[in-house]
Amino acid sequence: MFERDFSGFSGQIGYALVPMVARGVMLGADQPVILHMLDIPPAAEALNGVKMELVDAAFPLLKGVVATTDVIEACTGVSIAVMVGGFPRKEGMERKDVMSKNVSIYKSQASALEKHAAANCKVLVVANPANTNALILKEFAPSIPERNITCLTRLDHNRALGQISERLNVQVSDVKNAIIWGNHSSSQYPDVNHATVAGKPVKQLINDDAWLSGEFIATVQQRGAAIIKARKLSSALSAASSACDHIRDWVLGTPEGTWVSMGVYSDGSYNVPAGLIYSFPVTCRNGEWTIVQGKSGLSIDEFSRKKLDATAEELSEEKALAYSCLS
Amino acid sequence: MEDYYYMEELVQKIPVISICCYLFWKIIKHFVKLLDVEKDPMIVLVTGAAGIYFYDFYAHTSYLRADISVSKSLYRCQIGYALVPMIARGEMLGPDQPVILHMLDIEPAAEALNGVKMELIDAALPLLKGVVATTNVVEACTGVDIAVMVGGFPRKEGMERKDVMSKNVSIYKAQASALEEHAAENCKVLVVANPANTNALILKEYAPSIPEKNITCLTRLDHNRALGQVSEKLDIHVGNVKNVIIWGNHSSTQYPDVNHATATTDLKETPIKELVSNDQWLNTEFITTVQQRGAAIIKARKLSSALSAASSACDHIHDWVLGTPKGKWVSMGVYSDGSYGIPEGLVYSFPVTCDKGEWSIVQSLKIDEFSRAKMDATAKELIEEKSLAYSCLN
């Protein structure tokens, strides 16, 4: 049985995510789950409302629901932790203020997870700034293996696949091996140099390098804002769905010949500084992710190199800002 | 003597031939699997998919009770938004059934609707073979195999019952025509928006060429809620409780009936009435909890149920299309054929089993006096709603 913990989930993403988890989208149709849902005290009644709805839906796979504002109760025995809760930026707030609030949230949740979660608990940080929140979590939960702490860039990865499929008018399931490099922010680098459709390189099929290095990248980077403009609310459905994909592929493995994008603790691959949570192309097997290296790594052209470095630089700056908040 | 040897040879050959046939059969099956022919996509329509209009929870209660005051707050209806990813993940029609989603909403919601389409693309879902987001009812209804009508007109402050009914009658009249003219043959319809039973009835009246058995309304949510309440009371897993019944109107007059429900513990099926052994609770608190659950959710969330409503809509269609498991029935609002003394010509919730895409009312269940009174009361309310609806048409 898996216990899953969602922090901060009276918001939309959590609400979209819990029925997906309860239906087996995250861990497979034969994996029973127990949901632990965590939120702050002002949201306690709403949280209980979600628990009531989960009971009302009579899900066969859902073996229990814990709705709590107590972080220890929430983290106890957890095998998979999806951190959706965080402090959003409000109008007039400085970057440092937002960072400061998130640093304290992730510091305290790190302690609770470290002490009470199951051994080998896998963590996915969704709340922004995702990469840096994950880094804080890692710093304050030193006994959680660093390979078990990740952040979500699968949403951007799926968005990139979606854009290619629309451009080429093919089924999205035929497009694979896009890469999202770096930070889950507007400095991310959506890279389709190695992507294929039914075995043929996307670069060839699209045959429009200007679009691929210009509009395509900007569209994927700014997709979140485009969704907000249309819906007047941020993405929930697609974020929740991608979070399920991230965990499912991590736990159950990626299909042969396919890689996905995950924000993981950098080991220095591709000359990305170690000690950052950076999005890389990975394959997954037996519950472990591995950065795609190939014989000598995927080839990185000059254009890509600059982009990889720019997003790494932003992450180093965020890291410095976060650490300054801790002092 | 020769016959004997002949027989012996034959007896020796039979196993060899059998093994060869068996292996040949396995090879054929393997090749067929390799071909892996994908099913043709089914087209599923969801109306009200943008999820930005407002839903009045008092629509859950009787439209005809004069003492209920109109709620002051208006709530977002998110059922469509919760429903579309479930459909696109195969929860409605099975993990091997590709789908094309048609999403319909009103003009003011067009941008939000497009936002939902964008998100569906962003989710890169393998089963989703196409998305149409439109405000044009004809485009939305074209070729549709399954229609889930979430869109309707909610009651706003100061509105008379007759006005709300009138607005819904015209919405469902228009959508009935479009479905009748443009949907696929044998299109299956599920009405979710309240007043669900009466909206479904209007739809039926104005789409006479859609078989009446294909027009249903959602009471599976109440059915699942009843299962949930029983499972909580008995502290057992909800998957082990079955065969509750929701009779009648999807409103506060619905009758949640556990007289025939059972729980499976240690491979044994035991009647719920025995296990709970508290008829007082079953006849009062249990019933009112299920009847008023919608209001309880709104009180807690400040929003109406979306997750559970969407999930139950998937269950309703799933069981209808793919069949109910043996020994299990579910509740669906269906066109009454007079079973159990319920007047014909109403869309009334009954216990049904499903097989090969068709529902059948479970017959010959014993109905005690208490239940009889409840079933008649909710039928009476439906007759009154029907009259009100018809008066709006004139």
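**Chat about a predicted two-chain model**

Colleague: Where does Ala274(A) lie?
Modeller: In chain A, Ala274(A) sits in the loop between strand E12 (260–265) and strand E13 (277–285). Strands (E, at least two residues) and helices (H or I, at least four) are DSSP runs, numbered from the N terminus. This is a predicted model, in which local features need pLDDT of at least 70, side-chain atom pairs count only at pLDDT 80 or more, and totals for chains, interfaces and linings use all residues. Residues are numbered from 1 along each chain as its sequence is written, chains are lettered from A and ligands numbered from 1 in the order in which they are written, and side-chain values use heavy atoms, with hydrogens and water left out.

Colleague: Is Ala274(A) buried or exposed?
Modeller: Exposed, because its relative accessible area is 52%. Buried means under 20%, exposed over 50%, and partly exposed in between (1.4 Å probe, protein chains only).

Colleague: What is Ala274(A) in contact with?
Modeller: Ser266(A), Asp267(A) and Gly268(A), leaving aside neighbours within four places in sequence. Contact means heavy atoms within 4.5 Å.

Colleague: Now Thr378(B). Buried or exposed, and why?
Modeller: Thr378(B) counts as buried because its relative accessible area is 0%. Its place is in helix H13 (residues 369–393) of chain B. Not counting residues up to four places away in sequence, Thr378(B) touches Trp247(B), Gly248(B), Asn249(B), Thr253(B), Gln254(B) and Tyr348(B).

Colleague: How do the axes of H5(B) and H13(B) cross?
Modeller: The axes of H5(B) (residues 161–182) and H13(B) come within 9 Å and cross at roughly 70°. Axes are lines fitted to C-alpha atoms, for helices over the stretch in contact, and angles run from 0 to 180 degrees between N-to-C directions. The two helices are therefore roughly perpendicular. Under 35 degrees counts as roughly parallel, over 145 as roughly antiparallel, 65 to 115 as roughly perpendicular and the rest as oblique.

Colleague: Which residues meet there?
Modeller: From H5(B), the list includes Arg161(B), Met165(B) and Val169(B); from H13(B), it includes Glu385(B), Leu388(B) and Leu393(B). The residues of this contact divide into six nonpolar, two polar and four charged. Ala, Val, Leu, Ile, Met, Phe, Trp, Tyr, Cys and Pro count as nonpolar, Asp, Glu, Lys and Arg as charged, and the others, Gly among them, as polar.

Colleague: Between the chains, how do H2(A) and H11(B) lie?
Modeller: The axes of H2(A) (residues 44–56) and H11(B) (residues 293–301) come within 7 Å and cross at roughly 150°. So H2(A) is roughly antiparallel to H11(B). Among the residues making the contact are Glu45(A) and Val50(A) of H2(A), and Arg293(B) and Ile297(B) of H11(B).

Colleague: What about the whole contact between the chains? How many residues?
Modeller: 47 residues from chain B and 47 residues from chain A. The area buried between the chains is about 3,900 Å², with carbon and sulfur atoms giving 56% of it. Buried area is the accessible area (1.4 Å probe) that two parts lose on being put together, summed over both. Arg89(B), Asp122(B) and Leu307(B) supply 18% of the area that chain B buries against chain A, more than any other three residues.

Colleague: What is the mean pLDDT of chain B?
Modeller: The mean is 89, and 91% of the residues of chain B reach 70 or more. pLDDT is the predictor's confidence in each residue, from 0 to 100. Over residues 53–75 of chain B the pLDDT is below 50. The complex has an ipTM of 0.93 and a pTM of 0.89 from the predictor.
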